[in-house]
Protein chains: 2
Amino acid sequence: MARFFMAATNLAGGRAIIRGRDAEHIRVLRLRPGEEVTLCDGDGMDYIGSIVRVDENESEVEIHRTEPSAAEPSVRTTVLAGLPKGERADYLVQKCTEAGAADIIFFQCTRCVAKPNNIEKKLERWRRIAEEAAKQSGRGVIPHVYYLEDYGEVLNKAVHCDLGLFLYETGDRVSIREAIEQKPDAATAAIITGPEGGFEPFEAELARQVGLSICAMGPRILRCETAPVVALTALMYGTGNL
Amino acid sequence: MARFFMAATNLAGGRAIIRGRDAEHIRVLRLRPGEEVTLCDGDGMDYIGSIVRVDENESEVEIHRTEPSAAEPSVRTTVLAGLPKGERADYLVQKCTEAGAADIIFFQCTRCVAKPNNIEKKLERWRRIAEEAAKQSGRGVIPHVYYLEDYGEVLNKAVHCDLGLFLYETGDRVSIREAIEQKPDAATAAIITGPEGGFEPFEAELARQVGLSICAMGPRILRCETAPVVALTALMYGTGNL
């Protein structure tokens, strides 16, 4: 069944009007009145309905029922990544969307080499990448992408999740598997990873003090854009979502 | 401790001569006689020794002991991927190297859109990427990268592993977690994934008939360059290597 993303506000009254690129897509797919489509609100709900009208510039869908998107994992995961340079951030957004992240937050920390110049423009770009990847992979949620300048806020976000994983390369750590297996039924999780240069010891120490699990992912060193995808996959596996 | 890759043949006689870029690297790191270094043969063995001489164009290391590389996972994994287009192949090689693959094989199948033109030149490029990624991530093995034209040979490679995972998007499948949990002590494993267009049903059916596990990875659809990394991470998690 064809799937389209649209803001929930358009779905009032049991009918939805589809315009713009999605309307064009409906014409390209030669969908006709009577055919079933799924409209996703991009926030985890699917609206299943049938087409009642296909016009030049818009189509109309009558909604029959709503249900939570079946493609969404049981754990709502926020990926928090030290802002990496250039293409690495694009890649991170795309792959973490495919792998099931619900929110992707870039943040500033001591060893970041990337400058947060034009961050609004970059956020626009990352949000487009997230939307594209969510559509392609059949997600029911378009991950929210944003930016935090305050490291304290980053830790604060993670502390409020059932499972807070802080990936770090050295010192006293548990394996990510051990950390996940302590909370296999977590409904919310956070994954924090560093930028190219990693974290300063005091940043890791702060994470430990607020109660996050300081985790290792085996003896191999992962690039800053690879680590979140691997951690997210480990989480999906350990919580029964793979 | 600094790590350098070199062919095992250079390590004869308990002494190793380091030339070229690695010798330059030793000078850049200002390593001095007496300092310990690790030389990897790129095939899973580490040679630990100390520098005895640093010259303009070469350095000499005296080997004290050899041991299996601690960075290698317990399961030797061959990733077999339907040949994807352009940069996707580069990405796949880099990320699968980081995630712990021992061999990476691209193959031809019905729905491949990428043409195997200049495959020798491409293989050279992929091997360089694998070597670079192996060094950066501290691997003890540089994955062997090669190309197979015969789909029968692909299945044959997988059949001879303790665990053969065939990733497929539809039909009767087990979850990848179920498949891995049946053989958590596998010493060898194969992961087969399709190209952009996926597999033809008869290709999946052949895989089933030769006894591979036909696996799903959740309800989300992964890109052809993402699926092998996610599957490899699931395997590392399930076999206790994460």
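Through which surface do the copies meet, judging by the interface residues of chain B and chain A? In this predicted model, 100% of the interface residues of chain B are also interface residues in chain A, so the copies meet through the same surface.

## Before we start

The model is predicted, so local features need pLDDT of at least 70 and side-chain atom pairs count only at pLDDT 80 or more, while totals for chains, interfaces and linings use all residues. Residues are numbered from 1 along each chain as its sequence is written, and chains are lettered from A and ligands numbered from 1 in the order in which they are written.

## How the two chains are arranged

Chain B can be laid onto chain A by a rotation of 180° with 0.1 Å of shift along the axis, giving an RMSD of 0.1 Å. The two copies are thus related as by a two-fold rotation axis.

Where the chains touch, chain A gives 30 residues and chain B gives 30 residues. Two residues count as in contact if their C-beta atoms, placed from the backbone, lie within 7 Å. On the side of chain B that touches chain A, at least two residues each come from helix H2 (86-99), helix H3 (119-137), helix H5 (176-181) and helix H7 (227-238) of chain B. H7(B) gives the most to this side, with seven residues. By class, this side of chain B has 14 nonpolar, 10 polar and six charged residues. Here Ala, Val, Leu, Ile, Met, Phe, Trp, Tyr, Cys and Pro count as nonpolar, Asp, Glu, Lys and Arg as charged, and the others, Gly among them, as polar.

## A five-stranded sheet in chain A

Next comes the sheet. In chain A, five strands make an open sheet with mixed pairing, in the order E1-E3-E4-E5-E2. Its edge strands are strand E1 (2-5) and strand E2 (15-19) of chain A, each of which pairs on one side only. Direction ignored, neighbouring strands of this sheet are turned by 40° against each other on average. Helices (H or I, at least four residues) and strands (E, at least two) are DSSP runs, numbered from the N terminus, and two strands pair if DSSP finds at least two bridges between them.

Within this sheet, strand E3 (residues 36-40) and strand E4 (residues 45-54) of chain A run antiparallel and are joined by five bridges. Opposite Leu39(A) stands Tyr47(A) in E4(A). Helix H1 (residues 20-28) of chain A lies across E1, E2, E4 and strand E5 (58-68) of chain A, and runs at about 90° to E2(A). Axes are lines fitted to C-alpha atoms, for helices over the stretch in contact, and angles run from 0 to 180 degrees between N-to-C directions.

## The sheet in chain B

Chain B has an open sheet of five strands too, with the order E1-E3-E4-E5-E2 and mixed pairing. Strand E1 (2-5) and strand E2 (15-19) of chain B are the edge strands, each pairing on one side only. From one strand to the next, the twist averages 40°.

E2(B) runs antiparallel to strand E5 (residues 58-68) of chain B, with five bridges joining them. Arg19(B) has Glu58(B) as its bridge partner in E5(B). Helix H1 (residues 20-28) of chain B packs on the sheet and touches E1, E2, strand E4 (45-54) and E5 of chain B, with a direction at about 90° to that of E2(B).

## Helices side by side

In chain A, the axes of helix H2 (residues 86-99) and helix H7 (residues 227-238) come within 9 Å and cross at roughly 5°. H2(A) and H7(A) are therefore roughly parallel to each other, a label for angles under 35 degrees. Residues making this contact include Leu92(A) and Cys96(A) of H2(A), with Val229(A) and Leu232(A) among those of H7(A). The contact of H2(A) with H7(A) has seven nonpolar, one polar and one charged residues.

In chain B, H2(B) and H3(B) pack at about 30°, with their axes 8 Å apart. That makes H2(B) roughly parallel to H3(B).

Strand E9 (residues 163-167) of chain A runs parallel to strand E12 (residues 213-216) of chain A, and three bridges join them. Leu165(A) has Ser213(A) as its bridge partner in E12(A). Strand E10 (residues 174-175) of chain A also pairs with E12(A) in the parallel sense, over two bridges. There, Ser175(A) stands opposite Ala216(A).

Methods: Least-squares fit on C-alpha atoms with pLDDT ≥ 70 in both. Parallel < 35°, antiparallel > 145°, perpendicular 65-115°, else oblique.
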